[in-house]
Structures are given as structure tokens and as C-alpha cells.
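Hi everyone, thanks for having me.

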Amino acid sequence: MIGLLFGFGGRIGRGLFWLVQVPLIAIVWIYADRVDPLLARWFPYSVFEGLAFALILAAPMIWVQVAITTKRYHDRDKSGFWSLLLLIPAIGWAWVLIECGLLPGARASAPPARQTAP
């Protein structure tokens, strides 16, 4: 399980991608709804300290998202660097959603190999 969530090697299918994405999206929503306002009250006069602390708390969620997306791109026979699209709000997120969440893996979409006689 640790290798699945924190490692960058290997491949995962759409089902496992969504199995990790749904709880991760719920955790991010709870974080934004509950933790961010709390941090704003704890650091009312220092934006930089508050943002730094928020980033430290969000780092594991960001790491898991990039690791899962990288593995899914490997399953699509693409480089893991495509995960950098997550850095582009809206357009990049939509691209990753379509590419990783909706399209089949490269092995599933490839035509069957033609057999030839020796």
C-alpha cells in the first residue's frame, strides 16, 4: 500500500486510479473547508507563515496525487512528466481527468498482435 501511494514506479489501471482519487478528493475538500480557515485564525498577520504551514500539511496529499497520476500515465505509455499538468489550474486538471480517469490504458486500447507462422 505504501508503494502504491508514495512510489512513482509501475502502472495502475483506471479502477485503482479512481479508488485512490475519490478518498483523496474528499480529504482535500475537508482540508480546504476545515483546516484553511483554522490556519487563517492561527496566523492572522503573517501570510507567509500560514502558507508555509498549509503547504507542509498538504505535502502528503500532493505527493500521493502526483504518484498516482504518474503511474496512470505510465499505464497509458506516456512519461510521468505529464503529471506536471497538475500545476496548471483548470485546464491541466481537466486534461489529467480526461487522460487518466476516462481513457483506457495503452495495453487495453492496442489491437491484438497478429500471429504469423514460423
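I'll start with a pair of helices and then turn to the pockets.

First, this is a predicted model, where local features need pLDDT of at least 70, side-chain atom pairs count only at pLDDT 80 or more, and totals for chains, interfaces and linings use all residues. Residues are numbered from 1 along each chain as its sequence is written, and side-chain values use heavy atoms, without hydrogens and water.

At what angle do H2 and H4 pack? Helix H2 (residues 14-42) and helix H4 (residues 91-102) pack at about 130 degrees, with axes 8 Å apart. Helices here are DSSP runs (H or I, at least four residues), numbered from the N terminus. Axes are lines fitted to C-alpha atoms over the stretch in contact, and angles run from 0 to 180 degrees between N-to-C directions. That makes H2 oblique to H4; angles under 35 degrees count as roughly parallel, over 145 as roughly antiparallel, 65 to 115 as roughly perpendicular, and the rest as oblique.

Now the pockets. A pocket is an open set of points on a 1 Å grid over the protein atoms alone, where a 1.4 Å probe fits, with protein on both sides within 12 Å along at least five of seven lines; lining residues have an atom within 4 Å of a point.

The largest pocket is lined by 18 residues, with Leu 24, Val 28, Gln 65, Leu 86 and Trp 93 nearest its centre. H2 gives the most to this lining, 6 residues.

In the second largest pocket, H2 again provides the largest share of the lining, 6 residues. Among the residues lining that second pocket are Met 1, Leu 24 and Val 64.

Technical notes:
Helices (H or I, at least four residues) and strands (E, at least two) are DSSP runs, numbered from the N terminus.
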